[in-house]
Amino acid sequence: MSAVTGADLLQAADEMTQVLLLHQERDWSVPAGTLTWSCWTTAAHVAHDLLGYAGQVTGLPQDGYLPYDLRVSPTASPTQVLAVVRACAGLLAVAVDGTGSDARAWHFGPCDPEGFAAMGVAETLLHTYDITVGLGVPWQPPQRLSTVVLRRLFPDAPDGPAPDVLLWMTGRVELPGRARRTSWVWRAAVD
């Protein structure tokens, strides 16, 4: 399987936008699934992480995250927040695709651009799931994107349908014969 790329990030952001724009008129102040954040705050969090990852990939800091933050206007509508997510996914996609695979930046250890891309796809898919649960919308992450995230961030994942395994690996669902996880961590660092 090939590396996680900017195209994967854009596909994840497009998926998030397509599924959630259909429900923009719902109450986004409700909790996003089992999270304590609202659906709106969870979407803004995705944008924050994507922008943070883009900064890491382009700035290449070796010992921590760059000291900046994204603030989405609290008056932004769900449609506007999703536009911010899409913009930040575009920035990360350009950063990932424009940086050599041998580059390293800090994410709890040295991480390559593919690792940041995989984390961006994971954040987008997982929090789309959380928001859809909060809004009462049935949805699962796409098979192919779930597979690339599992391959890159969860090499110890059990066999099974990739969307179900991804949700289980991150504590969102149970798998047959496996209790819901209460803690987890992905492996983005490479060296």
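## Exercises on helix packing and ring pairs

Helix H2 (residues 39-59) packs with helix H4 (residues 113-135) at an angle of about 175°, their axes 9 Å apart. This is a predicted model, in which local features need pLDDT of at least 70, side-chain atom pairs count only at pLDDT 80 or more, and totals for chains, interfaces and linings use all residues. Residues are numbered from 1 along each chain as its sequence is written, and side-chain values use heavy atoms, with hydrogens and water left out.

**Exercise 1.** Classify the orientation of H2 and H4.

*Solution.* Take the angle of about 175°. Angles over 145 degrees count as roughly antiparallel, and H2 and H4 are therefore roughly antiparallel to each other.

**Exercise 2.** Describe the contact of H2 with H4.

*Solution.* Contact means heavy atoms within 4.5 Å. H2 contributes residues including Cys39, Val46 and Tyr53, and H4 residues including Phe116, His127 and Leu135. The contact residues divide into 11 nonpolar, 7 polar and 2 charged.

**Exercise 3.** Characterise the aromatic pair of Phe154 and Trp186.

*Solution.* Rings of Phe, Tyr and Trp (its six-membered ring) pair if their centres lie within 6.5 Å, and planes over 60 degrees apart count as edge-to-face. The count comes to 6 aromatic pairs. Phe154 and Trp186 are 6.4 Å centre to centre with 70° between the planes, an edge-to-face pair. Phe154 lies in the loop between helix H5 (143-153) and helix H6 (162-169) and Trp186 in the segment after H6, so the pair ties together parts 32 residues apart in sequence. Both Phe154 and Trp186 are buried (under 20% relative accessible area, 1.4 Å probe, protein chains only).

Conventions. Axes are lines fitted to C-alpha atoms, for helices over the stretch in contact, and angles run from 0 to 180 degrees between N-to-C directions. Helices (H or I, at least four residues) and strands (E, at least two) are DSSP runs, numbered from the N terminus. Angles under 35 degrees count as roughly parallel, over 145 as roughly antiparallel, 65 to 115 as roughly perpendicular and the rest as oblique. Ala, Val, Leu, Ile, Met, Phe, Trp, Tyr, Cys and Pro count as nonpolar, Asp, Glu, Lys and Arg as charged, and the others, Gly among them, as polar. Rings of Phe, Tyr and Trp (its six-membered ring) pair if their centres lie within 6.5 Å; planes under 30 degrees apart count as stacked, over 60 as edge-to-face and the rest as tilted. Buried means under 20% relative accessible area, exposed over 50%, partly exposed in between (1.4 Å probe, protein chains only).
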